[in-house]
Structures are given as structure tokens and as C-alpha cells.
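Subject: Structure for you to look through

Hi,

Here is the structure I promised to pass on. Please open it next to this email and follow along as you read.

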Amino acid sequence: MSTAPVPARDYGAFRVWAPHAQQVTLRSDGAEHPMRAVGEGWFALPEVPAAPGARYAFRLDDSELWLPDPRSLSQPDGVHADSEVVDPARLRQETSWKGRSLRGRVLYELHVGTFTPGPDGRGGTFDSAIERLDELVDLGVDAVELMPVAPFPGDRGWGYDGIGLYGVHAAYGGPQGLARFVGAAHRRGLAVVLDVVHNHLGPSGNYLGMFGPYFTDRHHTPWGAAINLDAPGSRQVRDFLLGSARQWLVEMGLDGLRLDAVHELRDDSERHFLAELADAVTAWEEETGRPLTLIAESDRNQPGTVTPAARGGLGMDMQWADDVHHGVHAWITGERSGYYADFGSAEVLATVLERIFLHAGTWSSFRRQVWGAPVEPDSADYDAHSFVTFLQDHDQVGNRAAGDRIHHGIAPGAQAAASALILLGPGTPMLFQGEEWTASTPFTYFTDHEEELGALVSAGRREEFAAMGWAAQVPDPQLRSTFESSILRWQEREQPGHAAMLQWYRTLIALRREQADLHDPALAATAVEVLAEGTVLLRRGGLAVLAHRGPGPLTAGPRAAEVLASFGEVTCGADGTLALAGPGAVVLRPAR
């Protein structure tokens, strides 16, 4: 399969790839124009200018259906309506931002619609999110990671059923709002990462297959036919995805992409699409003079994902480390069902903190097969910062029946212990919106599909959790109240309890930044000592994190030469021996 650099897109010209069509008609602001075939399945009409703000659509052959542009940046009237011409060059805000490497930095995942109440209290926008960026700076995070913003049906949703890989959801403020958000973040020293979904499109408004061979039956995914990365026509499909990535990183000026479920990018080509994307991003770094970051979500537990493409890997800068989440979550909560079955012990916790993957060429009882490959602590291809670690994320909260957060079921001291293991652990830590102040709001699964599809989604959600033995009522994802219940209540930050946890997170992030041992990417410099089943000591060079889950006291912990920070009722004996009255955490310099 040949490879060529993806050129900058001409946003002032109408072009569309439709190799299945004999004729394509353009409708621009109500006027119809036949387009000309220009080779390799492309149709163009250079004499009709694509003026910003114009509404347009395409008709294939003699169909009566007018279709939005697969490369549309804006769908002001929804996923089934005409597209709007947008030129990113006219939107991008100039700042002094030079970019930064995100490896080892603190990330913050947010959902635009629920991050703030928004101007009418019924849903957030990019502009209302801008109003809270100063709080994130004060918290100490380095980058915001936006959940998908591609256009999707209705006004509210997670974004993983989006249908436009170049577009921005109108209810959030469209591409204009995103440009303002990126500029505002950069002026505050915050990088912006965008979650993109290349492995499937949503069921409603997905017209891609009518234009050309964007999908293939050669492979199948949980959503049906796979994106065509290795069958006839795949060169143009790969360029379609590369063009989307270029738009976000180069034209729109974002700093990175989080790639959803890359294990569902089925590709038997000699050169995997992700490796091609990684090489393209390297070229774009040279073009822009800024570091750009690719973060993969992968279920495979394969360090090859973060191994450079030149060394036979997929070339991702980082990958999400679910095993670290599972190890910390199961240990601190006691949950053992589903994929937590192999997790929960202090010994397993030590394994994932030291070596990232539990399933590393070993048996996974949940998958019922041997899974993964080991992370080598002394590898020259990757290090601890190549793995994104987290206590909460949108999946691990929102895919629970009621969308309850981990702190809704454990004591504050237990959350303090768990968060210390993540924020001061060896990986690249990520927070989920509201986690830092123990937000009272859940993060539920919510949708806004048309009536027929919505009813199927609601029924499927109920049946899924009924099969798991869930007896309580499952929030109906189609109800607006389900969405609104997830909107953060920022006034909580000043209330007792919430404010104490917020200060703990600020303290941990500051320590991570100030103490070289706490941002050391060397896995070999990390070790975990199991003091008891409910107590571990995470050693990071010359510093350590004592984490005690309780519920009872810890009467004889390690000896400390210095206590840098603590959460919970901590006492220190004459010889430096630490004690905790209940669950909590201590950051310390151990006595020699």
C-alpha cells in the first residue's frame, strides 16, 4: 500500500470522494451544480467558491437524498441536514503557545456538556467551559482531554456515536466555540487533547457507506463492519482519517489526540494505520514546531502499542493502562465482579503499580484466555510515562448502572489513599472531571436519539444490567433528567469535605511537580512493599507513599524522616513510626 504525505486541505473548494457514483450534484445555498469527476473517485467544482457560512450538500446520481459532507466541520441543523462551510484558518486564535510534551504531565478528562451547567443550566458549551479553566490551572493540571465533540444526533450524548470525523457538535458551540476554547486554554498554559473515534461511526446520520468503501466486511467489530483500512479503496479511507487528524493538530492547533479503542482498528496491511499516523504526526511536529501527542486506548495490554514505529511498534506516545485502574479500584473498594475478578489483592496492586499490566502473557479469567505481554522496566522504547493511569474515567464511571463515582461508596480517606497511588505513581496520571472535589453528581450514560432508536437503547441498557443481577432502577439514558443529573455543581468545591479533598489533590499535584523522584519515568525506580492486605508503601526513589484503606487503624507503619503531606488522622511516634486512625495516606521521606 503506497503512502504519501497528507496535503493541507483547500477549505475554499468543494470536493468529495464518491467512487461509487457516476455523477455528483452540489447544492450550495439552494443552487444546484453538477460536479466534475477529477480522477480516483473524486468530484470537484473549483469555479464555485466555498464561502465560509455557505450551506451545502451532495446528491449521488439520481438519488432524491441530499447528503452532508463526510468532511464537514459544521452541522448547524443536525447530522441529517446541510453542512456549513468553515475555514479553520479564520477561526484559530493566535497565542504565544509553543506546546509541550504531555508525557508524565497531569491530564484532566472532561465532557463539555456536563462540565458546567451552561448558559441556561441545561448543558455546557465551550464558552461556559472556558469560564472554569482558571480553576484547572489552580488545581495544577497540565492538559485537558475533551471527550468526543464530533456531531451526533440530538443535543446531548457522550460523543462516541458521532458521525462526522471532521466536525464539531453544534450544541457545544461548533468549530468556532472549539477554537475559542483552544485559544483560551493555551493562553493559560493548558494543552488540549481531543478524544477521536476512528473505529466506528454512530448508527444515525452515518452516510459514509453511500459515498464509498469506507467500511469492509473483511473484519467485524462490536459495531458491525470495520472501517476499511486494508481492503480495496482503503488508501483513500486511510487518507480520510489522516486528514481528520491533521485538521485537529495542524489547522485547529490542538496538542494531541486520544484514539478510542484502537484494538478495533482492524488492519492486516504490511504497515498498520496507527504506525502511519504516528509517522505523519512526526512530520506535522516539524511543520508546526510544536510537540504533538497520540494517546491510544487499547485493550490488548501490548507494550508494542507504545513502541516506536521504526522499532516495529505502533508508535503511540502513550496508552491508557486499565489494569492500573482495576488494581487500585478493586483493592480500595473490594469489588470483584466482571473484569475485576483477577484484581483486588495487595499483591496484585503492587504488580500493576510496578509493572503496569497484570495480564502480561498470563491467564485472564474474564477473557478466558492468556492475554497481553510484559512491560519491560528497562526498555529503551518506552517508560512509565508511556502509560496513562487514572482512578476514574468516563468509562469506569459511566458504564456503571447508576453512573456512581468511586467516592460515592468509600470513605474520603480511602479516596485520598487511592488518588495518591495514581497521582504519585510512575505513570502519566489523569483525573476525571469533579473527581478532585468528590463531586456529588454521578456521570451517567445519556443519549438523545430519535424515538425508535432511543427506545432500543433504553431497553438494551435495562436488559444489560438485569442480566448482571442489578435490581435497582437503571437511569433511562434518553431522559433529559439523566443528563442533567450529571452536570457538575461547582459550588460544592467550597463546602466542607469537598474543599478538603480538593486541597489534597492540589497538594499531590504540586508534590509531583516539585519532587524529581515523583515524576521520574523510570519503572525500575518504583517498588511496592505490602505491609498488610490493607496497607501498601509505594516507593518512588527516595520518597514513599503510605496508602491505608482501613476501615480500621494502622498502628505501626513505616518510620518517617519527614512527612511531606498527609490525609487522615496521622500520628508520628518518637522514633518516627507513623500511625493512622483510619483510611488515609501519607507522603513521606522514609527514615534510613
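**Strand 14 and its neighbours**

Two bridges join strand 14 to strand 15 (residues 318-320), and the two strands run parallel. Keep in mind that this is a predicted model. Across that pairing, Ala296 stands opposite Gln319 in strand 15.

Strand 14 also pairs with strand 13 (residues 256-259). That pairing is parallel too, over four bridges. Here Arg258 stands opposite Ile295 of strand 14. How does the chain get from strand 13 to strand 14? It crosses through helix 7 (residues 273-288), and this β-α-β crossover is right-handed.

Now look at the side chains. In a regular strand they alternate between the two faces of the sheet. Strand 14 covers residues 293-296. Thr293 and Ile295 point one way, Leu294 and Ala296 the other way. Are these residues buried or exposed? All are buried.

**Helix 6 against helix 7**

Helix 7 also packs against helix 6. Two packed helices are described by the angle between their axes and the distance between the axes. The axes of helix 6 and helix 7 come within 11 Å and cross at roughly 35 degrees. The crossing is right-handed. From helix 6, the residues in the contact include Leu241, Leu242 and Ala245. From helix 7, they include Leu277, Ala280 and Trp284. By class, the contact has ten nonpolar, one polar and five charged residues.

**Two loop residues**

Pro232 sits in the loop between strand 12 (224-227) and helix 6 (234-251). Its relative accessible area is 66%, so Pro232 counts as exposed. Leaving aside neighbours within four places in sequence, Pro232 is in contact with Pro213 and Arg218. Tyr214 is 18 residues from Pro232 along the chain, and their C-alpha atoms are separated by 9.8 Å.

Thr116 also lies in a loop, the one between helix 1 (112-115) and helix 2 (126-130). Why does Thr116 count as buried? Because its relative accessibility is 3%, and buried means under 20%.

Val545 has Val587 of strand 26 as its bridge partner.

Another open sheet has four strands, in the order 3-2-6-7, with antiparallel pairing. Strand 3 (31-34) and strand 7 (83-84) are at its edges. Each has a single partner strand, so one side of each has no neighbour in the sheet. Strand 6 (residues 55-60) pairs with strand 7 over two bridges, in the antiparallel sense. The bridge partner of Tyr56 in strand 7 is Ser83.

Best wishes

Conventions
Residues are numbered from 1 along each chain as its sequence is written. This is a predicted model: local features need pLDDT of at least 70, side-chain atom pairs count only at pLDDT 80 or more; totals for chains, interfaces and linings use all residues. Side-chain values use heavy atoms; hydrogens and water are left out. Two strands pair if DSSP finds at least two bridges between them. Buried means under 20% relative accessible area, exposed over 50%, partly exposed in between (1.4 Å probe, protein chains only). A crossover is right-handed if, with the strands pointing away from the viewer, the path from the first strand over the helix to the second runs clockwise. Contact means heavy atoms within 4.5 Å. Axes are lines fitted to C-alpha atoms, for helices over the stretch in contact, and angles run from 0 to 180 degrees between N-to-C directions. A crossing is left-handed if the near helix is turned anticlockwise from the far one by less than a right angle, and right-handed if clockwise. Ala, Val, Leu, Ile, Met, Phe, Trp, Tyr, Cys and Pro count as nonpolar, Asp, Glu, Lys and Arg as charged, and the others, Gly among them, as polar.
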